[in-house]
Amino acid sequence: MTAPTTLATTEDRALPGPLGILDGPGHLKDLPAGILPLLAEQIRTLLIDKVTAVGGHLGPNLGVVELTIALHRVFDSPRDTLLFDTGHQAYVHKMLTGRQHDFDGLRQGGGLSGYPSRSESPHDVIENSHASTALSYADGIAKARALAGERGRAVVAVVGDGALTGGLALEALNNLGAAPERPVVVVLNDNERSYAPTAGALAAHLAALRAGTARGNLFEQLGLAYLGPVDGHDLTALDLTLRQARALTRPVVVHVLTRKGHGYPPARADHAEQMHAIGVLDPLTGRPGSTGPQRTWTDVFAEQLVSLGAHYPDLVAVTAAMPGPTGLARFAEHYPERFHDVGIAEQHAVASAAGLATAGARPVVAVYSTFLNRAYDQVLMDVALHRLPVTFVLDRAGVTGPDGASHHGMWDVPLLASVPGLRLAVPRDPASLRTLLAEAVDDQEHPTALRFPKAAAGTDLPAVHQLGPVDVLLRTGIQEVLLIAVGPLAAECLEAGRHLAGTGLGTTVADPRWALPVSRELLDLAGAHRLVVTVEDNVRSGGVGDAIARALADRGSRVPVTSLGLPGRFLPHGPRPELLAAAGLSAESIVHAVLRARADRAHPFT
């Protein structure tokens with residue numbers, strides 16, 4: 001492959017040179033080929049400057065600079081459709097479609113999304129960040145174009161960062177290979193990685209294709225044409241190969257070899273993830289600022305799971321292409337024979353965990369909350385139906401912040417609430433996370449789940465009293481208002497409770513710990529109060545508040561329940577505290593909600 005370019009500086013924010021004057025792909029096509037290396041250098045410099053300032057997906061985008069330039073010179077977006085799988089590879093695409101001056105607001109509230117966004121540009125067709133979907137979109141778009149009699153409009157799916165390991169992508173390839181009349185161009189961005197190195201037999205086959213030692217070609221055997229491998233950092237080779245692919249007018253795989261983090265030595269030196277996703281860094285050194293990273297929920301989970309691994313020799317950890325982000329990398333270092341990364345294959349991860357539990361192991365499946373959505377059927381029919389003791393650990397639960405609608409883990413509670421026999425725990429602090437994880441792994445009678453956010457774990461919030469599984473965190477005066485703090489919003493509930501107590505209102509703050517199913521002790525406590533207000537970092541409909549209200553009604557209790565939580569709509573990207581406050585989940589908003597609910601009741605407190 002070609003050598004990395006030399007970095008320039010970006011002190012001049014006016015973006016001089018070719019990147020500064022580009023107003024879209026049409027202008028890019030008019031640039032002479034000789035100026036394109038300078039354009040690529042400018043793009044890399046801008047990526048490093050802007051992404052290290054605010055955080056985001058740096059490594060993947062550094063790897064697709066030349067590829068994205070070539071795509072926009074060969075194809076005519078938006079007349080031709082360009083799809084990115086996953087969408088975090090689209091930063092360069094945004095720059096080349098007129099948004100290069102907006103990167104100061106990347107992933108900030110009201111600024112550029114970190115993924116394709118239909119509201120930003122007609123060049124962004126699908127807002128995908130759940131991997132392995134683009135080939136199915138491409139298949140459907142090509143079918144619709146054929147039905148409408150539209151000819152000459154290419155459909156291109158850029159598939160990379162391990163997305164081809166997902167079963168949905170293989171299902172789409174199966175259909176595309178059987179449709180020689182369907183002109184879909186599959187650009188396989190092969191950087192050998194998702195977060196970590198790509199896992200499985202498909203990765204081995206791609207390695208053999210790269211080395212020229214493959215016995216046969218999977219894509220050709222499936223019925224697709226195959227071009228490559230081609231150097232993904234060679235603009236001339238890319239241009240030639242992509243034009244060949246377009247001219248074939250049939251399904252074709254263009255195998256492109258790229259390097260994640262290309263052109264930025266600190267990214268290439270990051271052997272674990274090659275700066276796949278970063279926080280704020282010093283752009284010169286690639287290191288965090290002087291304050292250093294805060295201790296996160298993921299850190300606490302990772303430490304506790306290693307400790308439990310020493311106690312339970314049958315504990316097995318499973319993840320779907322995210323050993324680092326979910327905290328399992330530490331477990332893998334200690335117990336490599338008991339760790340499995342199955343690739344971007346959540347359904348398989350859950351069903352495989354069901355098999356592990358069937359054979360007597362203690363599987364812990366760690367995934368992002370939003371990605372468990374993809375495996376709901378396996379949770380319901382493969383784990384719960386057989387009453388298997390699989391533990392699900394859901395990272396990035398609730399509002400995640402800068403990654404936006406597709407990554408907010410706000411749907412898991414209603415989904416898991418519908419699973420018979422499953423127990424859901426929501427820890428409020430590091431101590432309760434350690435305890436609840438130990439209880440979950442020890443439970444061999446039920447499937448269990450724990451959820452926690454992408455945030456600093458904070459300090460421990462001790463209980464003043466315990467009622468069975470319920471921790472009482474605050475109790476003042478007579479039993480008038482019960483604030484039920486579901487997990488990490490306990491700190492806000494405590495602040496609100498103290499304020500309410502200061503006004504003379506008898507207030508209790510309780511943490512159910514095991515939020516679902518609703519415990520008898522929590523219902524007894526709720527029934528002893530005149531108003532119950534639940535506070536949870538997930539969508540309200542079908543959440544813990546709804547479950548408590550139903551359980552009280554089933555008892556014949558007339559205690560009113562007010563549920564505070566996230567609205568049932570897709571939320572934008574932005575800082576977690578701001579999004580929570582906008583949803584009415586700050587301490588101040590909780591106080592107002594209690595006082596409003598009190599005033600609205602037919603029989604106000606006396």
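**One loop, then the wider picture**

Let's begin with Gly-149, which sits in the loop between helix α7 (134-147) and strand β2 (155-160); helices (H or I, at least four residues) and strands (E, at least two) are DSSP runs, numbered from the N terminus. This is a predicted model, in which local features need pLDDT of at least 70 and side-chain atom pairs count only at pLDDT 80 or more, while totals for chains, interfaces and linings use all residues. Residues are numbered from 1 along each chain as its sequence is written, and side-chain values use heavy atoms, with hydrogens and water left out.

From C-alpha to C-alpha, Gly-149 lies 40 Å from Arg-44, and the two are 105 residues apart in sequence.

Most residues other than glycine have a negative phi, and most peptide bonds are trans. Arg-396 likewise has a positive phi, about 55°, and is not a glycine. It belongs to the loop between β9 and α18, and counts as buried because its relative accessibility is 14%.

The backbone has cis peptide bonds to look at as well. One joins Gly-228 and Pro-229, with omega about 0°, and Pro-229 lies in strand β4 (residues 225-231). Another runs from Leu-516 to Pro-517, with omega near -10°; Pro-517 is found in the loop between β16 and α21. That loop, between β16 (514-516) and α21 (520-527), holds Ser-519 too. Ser-519 counts as buried because its relative accessibility is 12%. Leaving aside neighbours within four places in sequence, Ser-519 is in contact (heavy atoms within 4.5 Å) with Pro-469 and Val-470.

Now step back to the whole protein. It has 24 helices and 18 strands, and buried residues make up 58% of its 606 residues. Of the contacts with a separation of 6 or more, 77% are between residues 24 or more positions apart.

What sits inside? The largest nonpolar core has 48 residues, and those with the most contacts inside it are Leu-372, Val-379, Val-390, Phe-392, Leu-416 and Leu-424. A nonpolar core is a set of buried Ala, Val, Leu, Ile, Met, Phe, Trp, Tyr and Cys residues joined through side-chain atoms within 4.5 Å. Beyond residues up to four places away in sequence, Leu-372 touches Val-350, Val-367, Val-379, Phe-392, Leu-394 and Leu-416. A second, separate core has 31 residues, including Leu-31, Ile-43, Met-95 and Leu-235.

Rings of Phe, Tyr and Trp (its six-membered ring) pair if their centres lie within 6.5 Å; planes under 30 degrees apart count as stacked, over 60 as edge-to-face and the rest as tilted. Phe-219 and Tyr-226 are stacked, because their ring centres are 6.1 Å apart and their planes meet at 5°. Both of these residues are buried. Trp-411 and Phe-570 form an edge-to-face pair, 5.7 Å from centre to centre with 65° between the planes. Trp-411 is in the loop between β9 (391-395) and α18 (412-417), and Phe-570 is in the loop between β18 (561-566) and α23 (576-582), so this pair ties together parts that are 159 residues apart in sequence. Trp-411 is partly exposed at 24% relative accessible area, while Phe-570 is exposed at 65%. Ring pairs also link Trp-297, Phe-301 and Phe-452 into a cluster.

Finally, how confident is the prediction? The mean pLDDT (the predictor's confidence in each residue, from 0 to 100) is 93, and 96% of the residues reach 70 or more. Over residues 1-13 the pLDDT is below 50, and this stretch has 29 contacts in the model beyond near neighbours in sequence. Residues 602-606 also have a pLDDT below 50, with 11 such contacts.

Terms used. Buried < 20%, exposed > 50% of the residue type's maximum accessible area, 1.4 Å probe, protein only.
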